[in-house]
Amino acid sequence: MTSAKRFVIIGADAAGMSAAMEARRADPKLRITAFDRGVAASYSQCGLPYWLGGVIASRERLVARTVEDFRARDVDVRLRHEVTAIDTARGVVRVRDLGGGREFDEPYDRLLVATGASPVEFPLPGRDLPGVFTLDVLEDADAIRAYLREHAPRRAVIVGGGYVGLELAENFTRLGLSVSLVQRGDQVFHSVDAELAAPLHEELERHGVDLNLSDSLVKACSGSGGRVRQVTTTQGDLDADLVVLATGVKPNVDLAVNAGIPFGPTGALAVDDRMRTGVQGVYAAGDCAEHFHRVLGKPVWIPLGTTANKQGRVAGRNVTGGDARFAGIVATAVAKVFDLGVARTGLNEWEARAAGLDVRTVVLDSTDQAGYMPDAEDLTVKLVVERATGRLLGGQAVGRRGADKRVDVLATALYAGLTVSQLPELDLAYSPPFNSVWDPVQVAAVKLTRGS
């Protein structure tokens, strides 16, 4: 494939701007233009709860590169510009300047759709009341921060126990708010199995979070001043003068699908390992695109910033005539819940069984360093393996320290295709302040292979 002359990007965050910078490194003469309807480019969405909680002192620290930084690298980033249509036959996108109101066509030789994901909306009476928010983009965090400053709410209700919900619970508690968390399922952080979620429940309650499991929000009610004052759930009423709906996200694909760009079985845009869509010259990357799962051997949709950056870099290299490949994911993730870290990779037990796999599992209660050390902390590790072959399918860990390290080892093992019997052979670091002679991952593997 010959190099393009005009590269247009829809979406100026993780995937889009990773692509822009990789394309610029590969081709100094390429004309690169990125459009985004938001107010900032290349910032950390994952850091928003920590900015709201005061852990991150300034908004500017969330921004990796400003528009001026990109301009210095000859990348034209236009904020508050929304792409409203794609014409693949003519090779143009229709753009609306949200500030000036004018519309214009922008031609391209290569196009990257990096439109990300947006919160799942559900019909909720009272959704539009002042004080009811979602947290997705920087503008949402700006609005919540302004509401905190102006109205000084005391009781927050968070709906959803995933990454954002758990991080907000911690950070609102840090601000001195009374926090209730409403979760439809019977556990928070559904990315891990129940044994690993139980310590999270205890940690939330230890810090005063009112945890409402197997519960759903029915409506939000107003009080004096027209702002939210109470929510009704399936289990009763909760006082609330701040509500955040953190019930998950969906891929933003409508713009692309309306242009005839196909989506895959997950509902996200279908791409190959070069990030090419089914339309010549059009690429997709990040939270709007599918992600190949190395353990399952098929496309999945698991939106994470790490994946978006990697896919963007592959797309940016290939629009300039390169031949980069996206190696796929093993769904590695980690979250902080007050003083606990919880991490997972590959498949958890219910995911493996849902995929039709016959599995064996082991749960090991251990410590993050040599158990005789005075400050050793509890660490729980779970492994999931295929029964017939011993193939490692996934792992999870939770503890005050060390969960991330163990899951990173397991993620590397998954990429290498190791069996559970090979884990004890790994040459891992040992010193009593850091680990036991046998790492908990290796002890769990031995326990599983011996059937004890």
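Author: The dialogue below treats strands, cysteines, backbone angles and a surface patch in turn. Please keep in mind that this is a predicted model.

Reader: How are the strands of a sheet held together, and in which order do they lie in the open sheet of five strands?

Author: In general, backbone hydrogen bonds pair the strands of a sheet, in either a parallel or an antiparallel sense.

Reader: Which residues make up the covered face of β3, and which the uncovered one?

Author: The covered face of β3 consists of Val75, Val77 and Leu79. Asp76 and Arg78 form the uncovered face.

Reader: How many residues of β25 are buried, and which strands are joined to β25?

Author: Strand β25 (residues 392-399) is mostly covered, with eight of its eight residues buried. Strand β22 (residues 340-346) is joined to β25 by six bridges, and the two run antiparallel. Within that pair, Ala343 has Ala397 of β25 as its bridge partner. Strand β24 (residues 378-386) also runs antiparallel to β25, to which seven bridges join it. There, Val384 is partnered by Gly394 in β25. A hairpin is formed by β24 and β25, with five residues between them. Gly390, in the turn, has a positive phi of about 75°.

Reader: Where else does a positive phi occur, in a residue other than glycine?

Author: Two cases may be set side by side. Arg80 has a phi near 55°, and Ala331 has a phi near 60°. Both values are positive, in residues other than glycine. Arg80 lies in the loop between β3 (75-79) and β4 (81-87), whereas Ala331 belongs to the loop between α8 (305-318) and β21 (333-337).

Reader: Are these two residues buried or exposed?

Author: The reading rests on relative accessible area: under 20% is buried, over 50% is exposed, and partly exposed lies in between. Arg80, at 37%, is therefore partly exposed. Ala331 has a value of 7%, so Ala331 is buried.

Reader: How many disulfides are there, and what is the position of Cys46?

Author: A disulfide requires two cysteine sulfur atoms within 2.5 Å. By this rule the count is zero. Cys46 is in no disulfide, and the nearest cysteine sulfur, that of Cys288, is 16 Å away. Cys46 counts as exposed because its relative accessibility is 56%.

Reader: Finally, which residues form the nonpolar patch on the surface?

Author: The patch is made up of Tyr372, Tyr430, Val437, Trp438 and Val443, which together have about 560 Å² of accessible area. One of these residues, Trp438, is placed in the loop between α10 (403-416) and α11 (440-450).

Notes
Residues are numbered from 1 along each chain as its sequence is written. This is a predicted model: local features need pLDDT of at least 70, side-chain atom pairs count only at pLDDT 80 or more; totals for chains, interfaces and linings use all residues. Side-chain values use heavy atoms; hydrogens and water are left out. Helices (H or I, at least four residues) and strands (E, at least two) are DSSP runs, numbered from the N terminus. Buried means under 20% relative accessible area, exposed over 50%, partly exposed in between (1.4 Å probe, protein chains only). Two strands pair if DSSP finds at least two bridges between them. Patches are made of residues with over 30% relative accessible area and no salt bridge: like charges are joined within 9 Å, nonpolar side chains (Val, Leu, Ile, Met, Phe, Trp, Tyr) within 5 Å. Accessible areas come from the Shrake-Rupley method with a 1.4 Å probe; for residues, only the protein chains shown count as cover. A salt bridge is a side-chain nitrogen of Lys or Arg within 4 Å of a carboxyl oxygen of Asp or Glu.
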